[in-house]
Amino acid sequence: MSFLLRRYWHILILCLLGLTSTGPVRGQDFTILHYSTETGLPANIVYSLLRDHAGYLWFGTDKGISRYNGIRFETLTTFDGLPDNEILFIQEDRYGRLWICTYTGGVCYYENGVFHTAKNTPMLEWAAKLQGIPRLAVEQDGSMTIAFPELGTFMNVDGMHCQRFSPPAVAGDSVSFIHVRKLGVNQYELIRNGQRIRIDSNYRRLVVTPLSVEGPLSYVRSERTGYLSAPTGIYTLEGRPLLALTAVDSPKWTAIKNLYYDQHNTFAGTHDQGLVINGIQHILQDCKITGVTQDPAGNYWVSTLTNGVYTFGKDFLQTKTIKNVYEGDIKFAFTDEGTLFFTTANNNLYRYQDGVVSNLFDYSRYRGKQFKIIMEPGFLEENGEYHSFYGKDHFILDQLHAVHPRIRRNKILTDEADVRNSDVKTEGSSIKSIFFSPRRISLMQTGHKIIFIDRARALAGGETYFEGSDINQGNDRIISMAEDASDAIWYSTRKSIFKISNGKAVQQRQFAGMTFKRFYISGSYLIGITHDNKLIICNNINGQMRADTVLDHDCIWNRGYRLDPSHMLFSSNKQYRIVTLRPSPDTPAYDIAAVEDPYIPTQAEYITADGEQCYFFKGGAVTAVGIAGLLQRPAPPAPVFTYIKTTDSIYNTLPGRMLIPYEERRNISIGFSALSLSSKDVRYEYSISRDEHDDWQLVKGEEINLLSPGYGDYQIKIRGKSLSSDYSVPAVLLLSIAKPFWASWWFITAVAAVVISLVWVGVRYRIRYLIRKRERAHATEIKFMRSEYKALNALMNPHFIFNYASTSLA
C-alpha cells in the first residue's frame, strides 16, 4: 500500500486537483458501453461492485447481487438464500468468500454456491442483532472486518475464527469512530475525529495519540483500502496528506465517494461531478459514482447509483471518438501526413485536424442544390491530389493541407475523332471506380467500359478528355477492379479475371473461372469476395498461385480495407476480421482472426487507416483505434464447471473429486460456463476419459449429458475459445460414480463365500449321493449273490436231486 502511494502520489494529486478546478477540462471522448435492466442487469440502482479472485464482476443492486462473466448476468436473490435483496457492500477475503452487507444490516458470505447467513451460521448472529448499516474492510492479512462505526463495535473474521469487539460503557465518552483497521494479532486502531486509539482484544485502550488531520472526517472507499477526507484535504489512513486544500476548496471534497488507481490512471468517483480521470477529464457527469474496478483484460467498469453500469476499454486514452464530425453518409475517406480527409454523400470534402473540422470543398456552390453521389472519389497519394467527378464536372484539388486548397474545375469532353470514344459517356455520374498511375487515370464507366484520362493534359487546362479503349470489347459486365503495386489494373467480369498489360486485357487463367464482386491486391496476394459469400485468398498471383477458401467464419463478407502492407481489415454483418499476410514460405500464407473488441463500433460506414491509426466512421462520429491494439489477440475464455444435476439432486461443483450415488447415475447433466469478457461468442469442446487420453468433442450449449455411465472414476474436461483466441487451458472435473452394493468388496466377499459354501455343499452332497448309490448298488449285488447262492445250494440238496430224478424217470 505505502509503496503504491509513493509511486503514484503524483497521479492522485493530479486527479484531486481536477476536482478543484473552476470548470471541467474538455478532453477527448471515447467509446463507453452501458449496461442496464435492458441488457440483463437486475436493476439500475447499483450500490457497489467488485472483481473477485477469479475475474468475475459482482454488482450489488437493490434487487439482489449479480455476477457477470462477460456473456450474461447471473442474479442471486432471497430465493437463493440472501437475507435481503438490497446489497450495499461487497468484499472478498483471502479464502475466496464473498462478504455481503445488506440494507437491513444483515451480513452474510457466499461460498461454494451457498449463502451463509445468521440462520445457518452462528458466528453471524451477533451482527444480525445490531441496528445500523455495517461496513466491510479487507485487512492486510486477508481477514474481514465488519464494522458498525456509529455503534463503535466491530467483528474480525479470519476463516472460522471470529473476534467481537464492543466498547465499554464510559460516561460522556463517544463510542463512534470513522474507521477501524487491524494492526496485528489482537491489536486494532480506531480512527476518530482528533484521535487515533490503539486497542487490544478486550477493547482496552493501549495508546491514544492525537490525529494530525484537523476538522470533521469522512471515509472515502477504494477497492481494497480507504482514505480520509477532511476540509483540509485527502489523507491516507496513516495520516499522510495527498493534497492540502484551502477553506474555499474544501466543499469540493464532500462529493468524493471512492478512489481507484492502477499503474496508469487514477479515477475519482463523485456524486455531483461524475467520474474524474487523472484530474483532467470528466465523464458521466450526470451520474453518482459508487465504484470503479477493472476486469482481467484491463477494461474499466463503473457502477452508478441510478444509471446502471458503464465500461470502457483499457486503451481509452489511445482510442478516441470524435462526435458530430459529419452529417449524412460517408462515401470516401483517406489520410495524408496524419490528417484525416473524408467525403460525404453531397460530394463535399472535409478535413479533420487538431479537433477542427474544415469544409475544403463545398460542391453545392457549383451545383446550386443538394444531391447524393454513388461513386467514391479518388485520391492520389504521391502528389496529394483529390479528384471528383459528377455530371460534366471534373474537380481537381491539391494543396490539401493549406488553409484554402487549390480547386480546379474541368469540363468533361471526348475526342470525337477517335472511334473508340463512340460509346463513351461524357459525364462523371457514370463513373464507378477510379485508379491512378503517374501517367494516367483509369476509370470504370457504367459497369462495362474502361476509359482513361491523360493526367498531365487534365492538369494543364480546364478540360478533361475521356479516352476510350479496346478493352472489354465484348461488353461483358465488369463487376470490380483493383490495382497492384506496379499500377497495373485488374478487373473481374462475370466469367473471369483480367489484367491490363500494354493496353490490352490479358485473361488470368490461373484463377480458373473465379469471379469476385470485390477484390483487393496487396503484394503477391489477391483477396476476393465471391457472389456466393466466400472469401478467397490467393497467394503468388503472378506465379504458381495457391487459392484458399476461408470456411470457418460464419458471417456475410462486406468489403476490405488496407491497414498496412501485411494486414487487411474486412467488414461483415458481425465482427470485423483481420487478414494477416505472410509471404514467407516457412509460415502459413495467411492468418485470419476476428476483432472482438466490444469498444470498437460495428457496421461502420467507412474505414481508413494511416499505418498507425484506424478510423471508423459511423453515425456522424469518427473513432480512432491504434492498429497495434486491433492486432492484439484476446485471452481465451476461462471455463468453469458450475453444477451437476442428477435424476434426484443438484450439486454445486467443489474442488476435489465429486461423488455421485450409483442410483442417481441414470441421467447426469454437468453444467459449465466461461469467464469471457472479450467475447460473447464462445465455442466449447469436452473430453470424458477414464485414463489420461483426451477425446475432444464439440458441444453446443453449456451442458454435458451423461446417460447411465458405469460406476468408477471419470476425468471430465472442458475448454473454450473465442472467435480469435486459442483454446483455453481445460477445466477439469473429477467425477466418481459410487459403486453399487453388489460391486462393493463386502458384497463380493459375501457372494464368494456363499458360492464357495454352495459349491462345497453341492460337492459334498454329490459325493454322498455317489457313495450312497454305490452302497445301494453293492447291497443289490450282495443280495443277488445271496439269491444265487441260495438257489445253487438248493440245487445241491439230495432231496431235490432225488425228486428231479424221479420226475425224469416218470
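The lining of the second largest pocket in this predicted model divides into 21 nonpolar, 10 polar and 9 charged residues. The pocket itself holds about 1,400 Å³ of space. Of the 40 residues that line it, R67, G113, F641, T642 and T653 are the closest to its centre. Two or more lining residues are contributed by each of β4 (64-68), β5 (73-76), β8 (107-111), β9 (114-116), β57 (638-645), β58 (650-652), β60 (667-675) and β65 (731-737). Among these elements, β57 provides the largest share of the lining, with 5 residues.

A search of the whole structure finds 1 cavity of 30 Å³ or more, and the volume of the largest cavity is about 40 Å³. Its lining is formed by R135, A137, T145, A147, P149, F177, H179 and V180. Strands β10 (135-138), β11 (144-148) and β14 (179-184) each give two or more residues to this lining. By class, the lining of the largest cavity comprises 5 nonpolar, 2 polar and 1 charged residues.

A further position considered is I489, which is located in strand β43 (residues 489-493). Because its relative accessibility is 6%, below the 20% cut-off, I489 counts as buried. Apart from neighbours within four places in sequence, I489 is in contact with F435, S442, M481, A482, E483, F498, K499 and I500. By contrast, K783 lies 294 residues from I489 along the chain, and the C-alpha atoms of I489 and K783 are separated by 125 Å.

Notes: Residues numbered from 1 in each chain as written. Predicted model: local features only at pLDDT ≥ 70, side-chain atom pairs only at ≥ 80, totals over all residues. Heavy atoms only, no water. Helix = DSSP H or I, 4+ residues; strand = E, 2+ residues; numbered from the N terminus. Buried < 20%, exposed > 50% of the residue type's maximum accessible area, 1.4 Å probe, protein only. Contact = heavy atoms within 4.5 Å. 1 Å grid on protein atoms, 1.4 Å probe; cavity = no way out; pocket = protein on both sides within 12 Å on 5 of 7 lines; lining within 4 Å. Points joined across faces, edges and corners; volume = space filled by probe spheres on them. Nonpolar A, V, L, I, M, F, W, Y, C, P; charged D, E, K, R; others polar.
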